[in-house]
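Here is a short tour of one protein model, written to be read with the structure open beside it. Please keep the viewer at hand as you go.

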Amino acid sequence: RARAGPLRGRARRTSRREFREHIGMRVGIFGLGLIGSSLALALRSARPDVHVVGSDPDPVTMHRALARRVTAAGDPRDADVVVLAAPIPALPELLAGLSGCRAVVTDVASTKVRVLRWAAAAGVDLVGGHPMCGRERSGIGAAVPDLFQGAPWILTRDEPQVTALVRAVGAVPVFMDAERHDRLVAGTSHAAFVLSAAYVLALAGDPEWPAMQEVAGTGFRDLSRLAAGDPALYAAIASTNRERMVESVRAVEASLARFRRHLEAGDGRLVELFEEARRIRERWARDSGFGMDPAAFGGDG
């Protein structure tokens, strides 16, 4: 999935020497779901000389990781760089266990303000991170080594070890503070899956829903796609970015109300709104490099 544009340009390649100097030779990953396992596979593909150690509380996941050689067994805390790829609710306990750890610690959580507060309370100097990519499927079985290719990977600061790791797996580092991150993704990502879920529930509550399913096509497929995502992930995101999500949902409600008023009035200006939305969408698609191919999109949490 080639991506271009200001945030999705081709990632600068990280040389083997730079990787060694900045990251070291050991990377530890807590959590071997989609993101954690994909990161391990990407690192193994890009830098086979790096020792990747993973850990997951689920014994079945851990067995699959070792059997597929996604990671090696061991304690991730002994690594040079530690990546927290566990679900958001598990992060406070993991961070508490990293107090005094000498490794550089980063995470991949979909919200940053609350997570950085947890880290500060635990005495961990966390480099907040969030790769803006994903898939509807979750778990180690959905992991792929090219998941991060060309994707923006937001970091709360430019820490050489973490920045080099991000570039090594083909992602594009984008630096911003935690507050700005949570505000931006509440609109572009978090409100999107709320809207998708609300749309599905609205149709499913209609008496004609069984007949609707028979005629549903690509429009329904595209708008309902995010509703097929992990409910536990969405709930955890909502619990840690509630205020900003409420602001974004209110903005969507106001926009829907505007469309509804034009529909009720049979107003010919409705076409102007459709045209405005189309221009904005096409400009974003062109500048971002996603184009108009639905296959280029993945859930990005």
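This is a predicted model: local features need pLDDT of at least 70, side-chain atom pairs count only at pLDDT 80 or more; totals for chains, interfaces and linings use all residues.

Residues are numbered from 1 along each chain as its sequence is written, and side-chain values use heavy atoms, with hydrogens and water left out.

**The sheet**

Let us begin with the strands. Helices (H or I, at least four residues) and strands (E, at least two) are DSSP runs, numbered from the N terminus. Five strands make an open sheet with parallel pairing, in the order S2-S1-S3-S4-S5. At its edges lie S2 (51-55) and S5 (126-127), each of which pairs on one side only. Two strands pair if DSSP finds at least two bridges between them; S3 (residues 81-84) and S4 (residues 104-107) run parallel and are joined by four. Within this pair, Val-82 stands opposite Val-105 in S4. Helix H2 (residues 34-46) packs on the sheet and touches S1 (26-30), S2 and S3, its direction making about 165 degrees with that of S1. Such angles run from 0 to 180 degrees between N-to-C directions, and axes are lines fitted to C-alpha atoms, for helices over the stretch in contact.

**Helix H11 and its partner**

Now find H11, residues 242-265. Its 24 residues reach 34 Å from the first C-alpha to the last, close to the 34 Å expected at 1.5 Å a residue, where the expected span is 1.5 Å times one less than the number of residues. After H11 comes Gly-266, with a positive phi near 60 degrees.

Which residues of H11 are buried? They are Arg-244, Met-245, Ser-248, Ala-257 and His-262. Buried means under 20% relative accessible area, exposed over 50%, and partly exposed in between (1.4 Å probe, protein chains only). Their cover includes H5 (113-122), H7 (178-204), H10 (231-240) and H12 (270-288).

H11 and H12 pack at an angle of about 145 degrees, with axes 9 Å apart. Arg-258, Phe-259, His-262 and Leu-263 in H11 are in contact (heavy atoms within 4.5 Å) with Leu-270, Leu-273 and Phe-274 in H12.

**A loop residue**

Met-176 sits in the loop between S8 (172-175) and H7. Met-176 counts as buried because its relative accessible area is 15%. Leaving aside neighbours within four places in sequence, Met-176 contacts Ile-154, Leu-155, Thr-156, His-181 and Leu-184. Gly-128 is 48 residues away from Met-176 in sequence, with 9.7 Å between their C-alpha atoms.

**Salt bridges**

A salt bridge here is a side-chain nitrogen of Lys or Arg within 4 Å of a carboxyl oxygen of Asp or Glu. By this rule there are twelve, including these:

| Salt bridge | N to O distance |
|---|---|
| Lys-112 and Asp-107 | 2.9 Å |
| Arg-157 and Glu-159 | 3.2 Å |
| Arg-286 and Asp-287 | 3.6 Å |

How do the partners differ in setting? Lys-112 and Asp-107 are both buried. Glu-159 counts as buried because its relative accessibility is 19%, whereas Arg-157 is partly exposed at 28%. Arg-286 is exposed at 57%, and Asp-287 is partly exposed at 36%. Finally, Asp-125, Arg-157 and Glu-159 are linked in a network of salt bridges.
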